[in-house]
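I give the cut-off for each term where I first need it.

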Amino acid sequence: MRLVLTVLARDEADVIDAQVAFHLNAGVDFVIATDNNSRDGTTEILESYAREGCLQLIREPSEGLRQGEWVTRMARLAAAEFGADWVINSDADEFWWPRGGSLKDVLAPIPKRYGVVHAFWRSFVPLPDDGAFFAERMTVRLSQRAPINDPTSFYRPVTKVAHRADPQVVVGRGNHGLIDSAFVPLTTWHPIEVLHFPLRSRAQWRRKVELQGEAFTKHIERAGTGYHLKGYSALRSGEIEEQHDALAIDDEAADRGLADGALVLDTRLRDVLRELRTDSATGRSFALPSELPRPLTLPKPTSTDEGAYAGEAAVLSEADAVRVQRRLDAFEQRLLALE
Amino acid sequence: MKLVMTLRARDEADVVDPQIAFHLNAGVDFIVATDHRSQDGTTEILEAYAAQGHLHLIREEEEEMREGEWASRMARIAAAEFGADWVINADADEFWWPRGGSLKEVLASVPERYGVVRALLRQFVPRPNGDFFAERMTVRVSGSAPINDPTSLFRPNLKAIHRGDSAVSLSAGGHTLLDSRLVPMRGWYPVEFFHFPLRSFEQFDRKYANLRAALGKSRNAYYDDVQRAREAGRLGEFYDSLTIDDDAVEQGLGDGSLVVDTRLRDALRAIRSDGGFVLDAGLSFPQPTVVDEAAYAVDVAALGEADIIRLQRRLDELEPRLLALEREPSVRALRKLRRAARTLRRRA
């Protein structure tokens with residue numbers, strides 16, 4: 001089985017090196033990356049992986065964050081030119097964590113009739129920024145016992161898709177689903193977690209809000225979703241620092257969250273990245289699989305872990321029920337208009 | 001954006017002054033109030049706010065209480081005469097608490113397609129008599145351990161905040177809009193309303209005497225219990241049984257059925273001055289952290305609004321309406337025409 005990861009990046013130098021290296025060690029055979037006008041060193045990092053022959057780099061100079069289109073192009077390329085059996089559509093701040101062994105180990109046994117796997121998005125909360133590497137600092141993750149349904153929050157329970165390779169595939173914006181696909185999604189089991197680090201430092205948050213805000217106001221027809229708009233309006237009114245600080249978790253809140261179970265300590269990524277660290281002269285800070293004495297194996301969850309995980313994943317269906325309710329409301333309004 | 005609060009009050013002098021002052025500080029621009037035969041000084045407090053230009057006062061002298069009708073009238077006036085973009089329909093013993101920023105900021109972030117936002121009820125329990133209610137009453141029923149006893153005053157509930165609409169109709173308790181085209185936001189309740197229904201025996205006694213005169217005998221199971229206690233001359237005992245003393249508080253905190261909540265007390269302290277309240281302090285409400293949001297999500301889930309049974313029931317209601325439309329002669333005629341056109345095309 002051949003597994004290809006696609007990644008779209010713009011100015012993600014603080015995270016992209018670790019991101020690509022992690023996935024190559026976790027079972028990904030090849031990476032297709034789209035670099036959208038990066039100016040912070042992201043391009044050079046991607047080029048160093050391209051030189052090793054494990055990454056195909058596409059440069060996308062246009063503005064407008066046409067994410068769906070660019071990801072679709074990569075996903076099709078993965079199938080048509082790089083012989084992928086499965087494709088993971090990732091963002092630069094996401095680490096796709098297989099629940100057992102490697103990404104290949106969890107995708108291989110998926111029954112033939114299913115073509116789409118929904119990975120469970122797990123957001124790590126922003127902790128005070130002391131300048132250290134993000135994975136060393138950000139070891140606290142949100143554990144929702146009930147869904148946060150606030151349309152302006154980026155902590156809403158969501159899933160991201162991995163799918164069987166298809167040269168005609170269309171990936172929807174945000175990588176949450178495929179459009180008009182014949183693949184049957186496996187919806188009740190989530191063998192992959194996406195460890196997500198959306199907010200890593202003040203500077204990174206400001207840059208992200210700026211890029212997404214500009215794309216939504218200048219280039220995208222549809223209005224931005226809640227949290228983009230909230231951030232962008234804070235940026236324009238000169239309150240982006242305050243907004244960042246309001247999102248960050250101080251020690252008191254972290255202790256309270258850890259005590260009541262809303263937050264959990266999760267050092268899995270930190271520990272793996274420590275294992276992969278190297279000081280090579282390659283421009284990379286992390287080892288490729290060929291540079292390790294033995295391949296990386298991720299720990300298999302115990303049955304206790306699986307039970308807790310099932311409990312946490314239950315919020316996905318609860319959030320879906322709220323989404324169904326909202327669709328029913330819209331449907332009822334249309335009916336009312338006809339009556 | 002203009003935010004108007006409507007307010008119905010009858011003999012609520014111990015609470016109505018802080019209620020109005022709090023909301024003017026929390027983002028409310030103007031108040032439309034209905035005073036129902038108050039005799040305890042409430043009228044004078046409302047008149048003072050009206051004299052300062054913050055409030056439009058309507059007087060109802062009839063004994064019978066027509067809750068839904070009055071609330072609807074005030075909500076319509078709020079939209080038609082005072083240019084409300086959003087309307088909060090409050091009672092005198094309710095304090096509407098935005099989760100972050102101010103009431104205006106929270107409502108401004110509601111996506112355009114939604115016209116109704118529901119607020120989550122927070123019931124504060126009666127505490128032994130003493131000084132100002134907000135100083136004493138700092139314990140409320142926990143949202144994650146809801147009371148579903150139908151005779152309890154403390155059951156989980158929601159009330160509607162809606163976009164200004166000069167033809168709006170509200171249900172009696174202001175909990176829902178009747179026959180409205182405004183779409184409710186589901187699953188997200190960015191405003192909590194703190195409810196202080198029982199504050200002292202004197203107030204309790206008068207409240208239910210008034211309600212009995214205004215509404216007649218039966219209303220709901222809890223109300224019936226109160227009236228039976230009155231008839232049996234055991235009203236004092238009944239009130240005592242509702243009151244939560246220090247031991248009961250400790251027990252409730254221990255088993256998770258009660259929580260300490262000093263938010264209103266602290267806010268009222270911040271706007272208090274010389275026995276009155278300042279109106280331009282501009283309270284600012286802390287942005288909840290994700291830890292707070294996660295805990296709140298558990299309270300919200302306890303409402304069970306999104307359970308599958310309710311969704312199925314809604315589908316069951318919608319289906320016959322769709323069917324009725326499909327059976328209408330015009331729809332059937334159109335379908336026949338389409339079929340005929342198809343046949344003709346095929347022949348041509």
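**Entry 1: chain A as a whole.** I began with the radius of gyration, which is taken over C-alpha atoms and compared with a globule rule of 2.2 Å times the number of residues to the power 0.38. A compact globule of 339 residues would come out near 20 Å, and chain A has 20 Å, so the two agree. I noted that this is a predicted model, in which local features need pLDDT of at least 70 and side-chain atom pairs count only at pLDDT 80 or more, while totals for chains, interfaces and linings use all residues. Residues are numbered from 1 along each chain as its sequence is written, and chains are lettered from A and ligands numbered from 1 in the order in which they are written.

Along the principal axes, the C-alpha atoms of chain A fill a box of roughly 65 × 50 × 45 Å. I found eleven helices and eleven strands in chain A; helices (H or I, at least four residues) and strands (E, at least two) are DSSP runs, numbered from the N terminus. I also looked up burial, where a residue is buried if 20 or more other C-beta atoms, placed from the backbone, lie within 10 Å of its own, exposed if 12 or fewer, and partly exposed in between. By that rule, 40% of the 339 residues of chain A count as buried.

Entry 2: Most residues other than glycine have a negative phi. Asp11(A) sits in the loop between β1 (3–9) and α1 (16–25) of chain A, and it is buried, with 22 other C-beta atoms within 10 Å. In chain B I looked up Asp179(B), whose phi is positive, near 45°. Asp179(B) lies in the loop between β8 (158–163) and β9 (191–195) of chain B, and it is exposed, with 8 other C-beta atoms within 10 Å.

**Entry 3: helix α6 of chain B.** Helix α6 (residues 201–215) of chain B has 15 residues and reaches 21 Å between its first and last C-alpha, close to the 21 Å expected; the expected span is 1.5 Å times one less than the number of residues. Which residues of α6(B) are buried? I found Gln203(B), Phe204(B) and Tyr208(B). Seen down the axis of α6(B), these buried residues fall within an arc of 120°, so they line one face of the helix; the arc is that of the directions from the helix axis to the C-beta atoms. The face turned away from the buried side carries the exposed residues Glu202(B) and Ala213(B). After α6(B) comes Gly216(B), with a positive phi near 85°.

**Entry 4: where chain B meets chain A.** Two residues are in contact if their C-beta atoms, placed from the backbone, lie within 7 Å. By this rule, 28 residues of chain B are in contact with 38 residues of chain A. On the side of chain B that touches chain A, α11 (290–301) and α12 (308–326) of chain B each supply at least two residues, and α11(B) gives the most, with nine residues.
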